[in-house]
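These are my notebook entries on a structure that is new to me. I set down what I looked up, entry by entry.

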Amino acid sequence: MLVDDEEGFTNLLRMNLEKTGLFEVGVENEADSAVDAIRAFKPDVLLLDVVMPGVDGGDIVAQLRTDPELKNLPIIMLTALISREELSPDAVAESENLIMLSKPVNMEMLLKVIEASLGKKA
Amino acid sequence: MKDDAAHWGEGVCVDPGGLKGHDGYMNREDESAAGATMAERNEDTDNHRVSTTFRDVGMLATVFNNLPVAVFCKDASNDFRIILWNKKNAEITGISAEEALGKTDYDLFIKETADFFRNIDKVVLSNGKLLDVPEEKMDSPNMGKIYLHTIKVPIVDPERGLKLILGICEDITEKKKAQEQLRELGENLSEKEKQLLKLNENLSHANEELKATQLQLIQAEKMESVGRLAAGVAHEVKNPLALLLMGVEYLSDGLDHGDPHVPQVLIEMREAVDRADNIIRGLVDFSSSRQLDLKATELNSFVQNALLLVRHELTRSNIKVVKHLGSDIPKVMIDKAKMEQVLVNLFINAIHAMEGHEGGKLEVRTSAKNLKRGETSHDEGSRSGHQMRSGDRVVTIEILDTGTGIPDDKIEKIFDPFYTSKPTGIGTGLGLTVVKKIVELHNGSLEIQNRQAKGVRATLTFKACDES
Ligand SMILES: Nc1ncnc2c1ncn2[C@@H]1O[C@H](COP(=O)(O)OP(=O)(O)OP(=O)(O)O)[C@@H](O)[C@H]1O
Ligand SMILES: [Mg+2]
């Protein structure tokens, strides 16, 4: 599942992911409703933008981690910032199953990371 | 008569005994004072010798004693004994008439002073005419050093058996002191003036330094604000870049567009995204004081790898590459990713400068040497301090091109953020700004000069690793 406020980006990313024929992709562009949408969709892996208007990506992670069902959901954080330092460190430190990727990211890399995350979960 | 004598006594000045050629010594213990004796004697025997216009010797003595100049008289025929010593003379010299009368200069003064006076006296006598001594120094037992302006007159009267030296003097000690002070003051002043000049020089030097520092500060400030801006912009730019890359990915993946150029276009688009991404990373790096990921790196292979990154650009512009890679080059501590950015930027600049001209040549040299005195880098704008010192082992990468070169009036500007001579879309003007920052983070130096012939020489210098 993709959560990012940039619709163009999520659309293209979904198209790329679907083209592989490996994934069923859900998209949410509103940060406010993201947690609910994730609960409803029950993804195997979440691709999450770190900085969105309204809610910080870190906050979303924190909320998900309190939910027993989503506690172990692998999360790939996509960030337009450069490094971990710039994220709220608590959220990052407390979460395993969390990978940071810096935008722009190419599909090759992204697919590798997704596969790795899913493999971990399995 | 006693009154007269007493009157004499005030400033006893005449020793008639001396005049008579008799021993003329006054009895110091004689409390009746020399004057009294003299007065009596004068009256008795020598009255006629004093000008007859005066009613008596006492009157003459009073006149002498009230003269505003010092007057004395010595009897040359009697060992130059003092026979006249007026009040003013006593004031000036601090030697009273009682002390002076009947004595010679040798009794009163130290030998040098006495010699000096005696010589002059003799000269005056032998010349037989007045002598003006503009300045005499005298060590007075009571007054210390005093200066006199003296006129000496020989009085020779064979008829009366007289052979006298008459002296008239003026105390010029004060004048002299004033002069001295003035001279000292003058010296002082010129010394002060010198100091002032020196100070002034220092000041203008300091001023220049201040100006330079100010420029650096302005430059630094510019950098910092660019940095802050960059961090903000980075975020805004990276999202569209991510989108763009997704689009390129979508189009690249096995779709048949029917146009043979499409794959190449897509590759270039991907490269463009990469480049833009790199620049933004560099910019953000440049703004943040993040730690470098330093690793001891073998320079030659590193340079060759960096060249590979621009091989497309090189072949496209038909540029020949000449490598002079030195042997025995020590390793350097560098952040590979960032230093790669530095080299690629410098290569691309060189390539851009040579584009459109046939026979472009990109020369890359590596070498190692010990830094000589005075060779330490003095990069302005470098606030990190100069970590390289003379004697240090350093490695140098030189990148030489045969391009357009940089106009003299622009060479100062090339490190400025956003300074570019290239059209929008081709140059951002951030290349060298970032390059310089990265080099500074490595405590290295970067110099960019026009070559004598044609083109530009970029010289990178870094301190070599201690081991290896
Ligand atoms: N090798 C060179 N030969 C001639 N001019 C040069 C060379 N290197 C730099 N310059 C001049 O310095 C300017 C600034 O260079 P800089 O790398 O900072 O920006 P840019 O190359 O214009 O843009 P970009 O941000 O894409 O690097 C260039 O526009 C060019 O005028
Ligand atoms: Mg450039």
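Predicted model: local features only at pLDDT ≥ 70, side-chain atom pairs only at ≥ 80, totals over all residues.

Residues are numbered from 1 along each chain as its sequence is written, chains are lettered from A and ligands numbered from 1 in the order in which they are written, and side-chain values use heavy atoms, with hydrogens and water left out.

The side chain of A:Arg39 meets that of A:Asp36 in a salt bridge, at 3.7 Å from N to O; the term asks for a side-chain nitrogen of Lys or Arg within 4 Å of a carboxyl oxygen of Asp or Glu. The two residues are three apart in helix 2 of chain A, and therefore about one helical turn separates them; helices (H or I, at least four residues) and strands (E, at least two) are DSSP runs numbered from the N terminus.

I found B:Lys176 and B:Glu135 joined by a salt bridge of 2.9 Å, N to O. B:Lys176 lies in helix 9 (residues 173-252) of chain B and B:Glu135 in strand 3 (residues 131-140) of chain B, so this pair ties together parts that are 41 residues apart in sequence. B:Lys176 is buried, with a relative accessible area of 16%, whereas B:Glu135 is partly exposed at 39%.

B:Glu180 forms a salt bridge with B:Arg183, and the closest N and O atoms are 3.5 Å apart. Both residues lie in helix 9 of chain B, three residues apart, which is about one turn of the helix. I found B:Glu180 partly exposed, with a relative accessible area of 32%, and B:Arg183 partly exposed too, with 44%.

Entry five, on networks and totals. Which residues are linked in a network of salt bridges? I wrote down B:Lys74, B:Asp105, B:Asp121, B:Glu136 and B:Lys152. Over all chains, the count comes to 24 salt bridges.

Methods:
Buried < 20%, exposed > 50% of the residue type's maximum accessible area, 1.4 Å probe, protein only.
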